[in-house]
Amino acid sequence: MQLWHGGRLCTLAGDSGWGLIDDGALLVDGDTLRWVGPVAELPPEAAAAELIELDGALVTPGLVDCHTHLVYGGSRAHEFEQRLHGASYADIAKAGGGIRSTVAATRAASEAELLAAATKRARALMAEGVTTLEVKSGYGLDAATEARMLRVARQLQGLGLTVRTTYLAAHALPPEFADADDYIAAVCLWLPDLFEQGLVDAVDAFCEHIAFSPAQVARVFDAARRLGLPVKLHAEQLSDQGGAQLAAAHRALSCDHLEYLSPAGVQALAQAGTVAVLLPGAFYALRETQLPPIAALREAGVPIAIATDHNPGSSPTLSPLLMLNMACVLFRLTPEEALRGLTVNGARALGLADRGRLVAGQRADFCVWDGEHPRELAACFGHNPLKERVQQGLRGGA
């Protein structure tokens, strides 16, 4: 066992509040937190543990990045310039850019090339405290490349973090398909084989006027349900398509983006217990002006998560700490809401209840920071105060 001794713990133990413990300690037994509390109340078994002094450092749960597109080929930096000259996300997509551009580059990349690039990105996220990561497919749009992307995502677990893989073949219409309904049939056909290979933890889709309709997404969700797979949804990013209601009807783990979420959509998410995942990086990069309905989500009691949404086009960030700051500045979340969004609620958006808090029985995923109060993680941007990252009880360093 290990005894992490003498730190300021941000446990997030309750439904609200930081759950701060000054002069606290963590007793780690293998990959599990056996005991968490004040040093003055240490249990007898702590005497036999390896002592690790925290020297007053701040400790939080490990960060959970619940929405990324980490595996892909190529770059879309030129689209950044196009948007500065007035082109919209939809304009670029219609001209053959956007997702389709990344699809071409990803199809041309080998598995080794994709793994090398994704490894660098994953390490960057880990260096800012990420211990659990979601990775989506969706830049293959054919059976072989989707499988290649998911295999690469699975291999990232060897770096020392948990990776959850999400099948997002219903991301865009590939060039070899003229009819979206025919493509959706193919997406549903490929899923069982990928599931049997152990490559899929959840299923996602892009419900938008430039992507797929609610009726088409429902077919994908039905295919997922037949396999017992949970679903997620990119919804209401550019317009209100009623995607949130569709996701809620299928008891989706999460609905993501949500700038154009309606009052009816808010209530549907609340009733279903679906997490609202907000993505400030994409909001910022696309210079969006329509804010997600934060006050309505709060009032309805919808859990709010945040994530990097790392992707080559609309959110090329690899800084979860910057997302904490942006969530507060752009979306007016409190620092506590933002940190819960990247820990407790980020885990919930992945269907994981065993992490995100510093309480006995949870996984020993935590971060040691150079700071006095957890609000500093959101307030101070442009630097990285991480001192040490621990995943499943293993010290991974910063």
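Helix H4 passes helix H5 in a right-handed crossing, a crossing being right-handed if the near helix is turned clockwise from the far one by less than a right angle, and left-handed if anticlockwise. The model is predicted, so that local features need pLDDT of at least 70 and side-chain atom pairs count only at pLDDT 80 or more, whereas totals for chains, interfaces and linings use all residues. Residues are numbered from 1 along each chain as its sequence is written, and side-chain values use heavy atoms, with hydrogens and water left out.

H4 spans residues 111–126 and H5 residues 143–155; their axes come within 10 Å and cross at roughly 45°. Helices are DSSP runs (H or I, at least four residues) numbered from the N terminus, and axes are lines fitted to C-alpha atoms over the stretch in contact, with angles from 0 to 180 degrees between N-to-C directions. H4 and H5 are therefore oblique to each other, the class left after angles under 35 degrees (roughly parallel), over 145 (roughly antiparallel) and 65 to 115 (roughly perpendicular). Glu111, Leu114, Leu115 and Ala118 of H4 make the contact with Arg148, Arg151, Val152 and Gln155 of H5, where contact means heavy atoms within 4.5 Å. This contact has four nonpolar, one polar and three charged residues; Ala, Val, Leu, Ile, Met, Phe, Trp, Tyr, Cys and Pro count as nonpolar, Asp, Glu, Lys and Arg as charged, and the others, Gly among them, as polar.

Helix H6 (residues 180–196) and helix H7 (residues 214–226) pack at about 10° with axes 9 Å apart, and are therefore roughly parallel to each other. Their crossing is right-handed. From H6, Ala180, Asp181, Ile184, Ala185, Val187, Cys188 and Leu191 meet Gln216, Arg219, Val220, Ala223 and Ala224 of H7. Nine nonpolar, one polar and two charged residues form this contact.

One cavity of 30 Å³ or more was counted. The largest cavity holds about 100 Å³, and its lining comprises four nonpolar, eight polar and two charged residues. His69, Tyr89, His171, Asn311 and Ser314 lie nearest its centre.

The largest pocket holds about 460 Å³. Among its 21 lining residues, Asp15, Pro303, Ile304, Arg340 and Asn345 are closest to the centre. H14 gives the largest share of this lining, four residues.

Technical notes: Helix = DSSP H or I, 4+ residues; strand = E, 2+ residues; numbered from the N terminus. 1 Å grid on protein atoms, 1.4 Å probe; cavity = no way out; pocket = protein on both sides within 12 Å on 5 of 7 lines; lining within 4 Å. Points joined across faces, edges and corners; volume = space filled by probe spheres on them.
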